[in-house]
Amino acid sequence: MNNKIKRILPQLLTILFVVLIFGFFTINAQVNMDNRGIDFGFGFLKQEASFDMQFTLLDYDGQDSYGWAYVVALLNTLLVSFLGIIFCTILGVIIGIARLSSNFLIKNSAAWYVEFFRNIPLLLQIFFWYYAALRALPLPETAEPWFGVTYMTIKGYFIPAMIWENLNIFVYCLLASFISIIFIRNYAKNLQEKEGKQLPLLYISLAILLVVPGLSFILGGVTLDFEMPVLKQLSATSYTYEGGIGLPPELIALVLALSLYTSTFVAECVRAGIQGISKGQKEAAASVGLTPNQVLKLVIMPQALRIIIPPTTNQYLNLTKNSSLAAAIAYPDLVLVFAGTAMMQTGKAIEIVGITMLTYLTISLLIAALMNWYNKKIEIKEK
Amino acid sequence: MFKVIKRLTSIVAMFAVLFAFTTETMAAKKSKTLKNTQKKGFVRCGVSQGLPGFSNADASGNWTGIDVDVCRAVAAAVLGDANKVKFTPLSAKERFTALTSGEIDILSRNTTWTLSRDADIGLTFVGVNFYDGQGFMVRKSSGITSTSQFKNGISACTNIGTTTELNMRDFFNSRGISYEPVAFEKADEVVAAYDAGRCDTYTTDKSGLAAQRTKMKNPDEHIVLPETISKEPLGPVVRQGDAVWEDIVRWSLNTMIEAEEYGITSSNADSMKTSDNPQIKRLVGAEGEMGAAFGLDNEWNLRIIKQVGNYGESYKRNIADTGILPDRGPNQLWTKGGILYVPPAR
């Protein structure tokens, strides 16, 4: 009995302490807000936002509500995080493997890259890409086309917009080809395990990917047109592009800075993962006649991934949270639009900061859950 | 007998309680913010992150500007020394939270007085120290001389968290012009982006445009368009819930404006004590009990005029002589064709 109390009492006290602290802060906030005549509530989410946003994925207009502005801004944050994660992974894997190359030049340039981008504060890098690098770009009227039809200018990267007819048929065809590729892969795997035969998987997959959606153009009535960006004169000296899609320079600078910065950490994770596999594995694989590429792909990487995934998840989370630095360069993300403009216009500081914190927490937990699932999937399965 | 004593004591106790309450309200009349300020020995004032003419710090960290002068006037009134101010530079986004959370006691940061700000977010505007309106700046070479020449697709740089952002939308929407808003958190970033050619126009309060223009690489290459698209009465703000402090800030500002009206300047204030005009004498603390209601001494207003100067002096020193807006426009006394008109200090 006495022992039981001894065990439970500290826990009870801790809970009491936590509850009291939260209670104190809540009451304190309530009293102070009462004194200043500030109401607490989320009714503002339905009010008209009455400000515009520079770049949105969904339709948004100032007549929409603060709630909708939140959704649209959240999507902008997710877009930056998504693009950043993709690019930093690609770059990180390349650089990480390059650091282990036996080629002196490749090895050392990769090492320099990592040391350079890792050790400069991220905000500074964002400012650099936005103010120094992007600002060095030409004005719209003097821009030379890239690939003939796209224009990189100080006002953004203008690309042709795609105008689809019967887009859904095309998407179904694409889905169908993906599913059939998965089936064929499984079949090929079985075939190899049972009979030792190898199918030219890459060529078969590519062929399916080209032929099936291609057929949809011929038979399914799918058409694709391009709307080209066209130079438009605004005044005697200022121009812009009309038509097509304009990616704002803020987005480009942010994605560039975030992926270059985070890729250094990913590269280190990749290097650590590969080096964590004992030399004997590589030598054994080579001794049974696998090529260096096969050694990496079939023996080293599957094992290294188990070491790489957990720390890389952290880097993805960091990138997502770092994307809030967008506020510094006018990219309309959650922090700039919702915790910035909306908070200013409504004065609902506690509510809005609370929602924003919860949102970032949710995004982080979701990414972590996804990566944990992937980690579980590839971990050693004891038979 | 015993009963009588008991009753008597209860009556005495009742009076004691009542008396205690009355003395309590007398003491409470002395503002909490005032008490804290006097205990700390400095006024905590929120200003901009650098807007020439309004609030701007020089290389050695000295703040100047007409917004700064409001805080200095309050310091002169309540602490006796206009230099006892601690300035906190704030972005447009941070300013109201800093005030409501008690980090600063006066927000004097070219802030527009609007209904929702005054009523919703626990703030009280005490007056107007600059009548302004929103305008547009463009590059001279663009050949644009009026907002009617704006075309679809124009990009406009501005600050977030300002009335500017909302007015801009109203303006472009009512004219059916599609535009690209590029909103930054700091004014310096807005200017840098506009200057580099990211935006075709830069929009904010006209005084702000004039002030920021002086910071640009080549000020002569830019012009401010003549149209004014909104009313922007700028003034100091205090927290809601301390009426005495609110009055002190309000009347510190009013004193500066009224001093100009009666021709009292920092150099002649002392000699005005013997003036024949009772209103002048009241403004320099030589007649009436003008400070008692705030819990201040009687020469609080004299100190403001002597140490900071009247509104006209402040305007000339900060805005006219620096070449930002030499013409006072609406910010002229009502007696001289402007709209500066403050209630009488009596």
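Two bridges connect strand β9 (residues 154-159) of chain B with strand β11 (residues 201-205) of chain B, and the two run parallel. Within β11(B), B:T201 is the bridge partner of B:A156. Two strands count as paired if DSSP finds at least two bridges between them; strands (E, at least two residues) and helices (H or I, at least four) are DSSP runs, numbered from the N terminus.

This is a predicted model, in which local features need pLDDT of at least 70 and side-chain atom pairs count only at pLDDT 80 or more, while totals for chains, interfaces and linings use all residues. Residues are numbered from 1 along each chain as its sequence is written, and chains are lettered from A and ligands numbered from 1 in the order in which they are written.

Now for the whole sheet. The open sheet has five strands in the order β10-β9-β11-β8-β12 (chain B), with mixed pairing. Its edge strands, β10 (179-184) and β12 (222-224) of chain B, each pair on one side only. Neighbouring strands are turned by 25 degrees against each other on average, direction ignored.

| Helix (chain B) | Lies across (chain B) | Angle |
|---|---|---|
| α6 (residues 163-174) | β8 (134-139), β9, β10 and β11 | about 155 degrees to β9(B) |
| α8 (residues 206-213) | β8, β11 and β12 | about 125 degrees to β11(B) |

Axes here are lines fitted to C-alpha atoms, for helices over the stretch in contact, and angles run from 0 to 180 degrees between N-to-C directions. Residues are in contact if their C-beta atoms, placed from the backbone, lie within 7 Å.

Chain B also meets chain A: the contact takes 37 residues from chain B and 31 residues from chain A. On the chain B side, β10(B) gives the most, with five residues.

Notes. Two residues are in contact if their C-beta atoms, placed from the backbone, lie within 7 Å.
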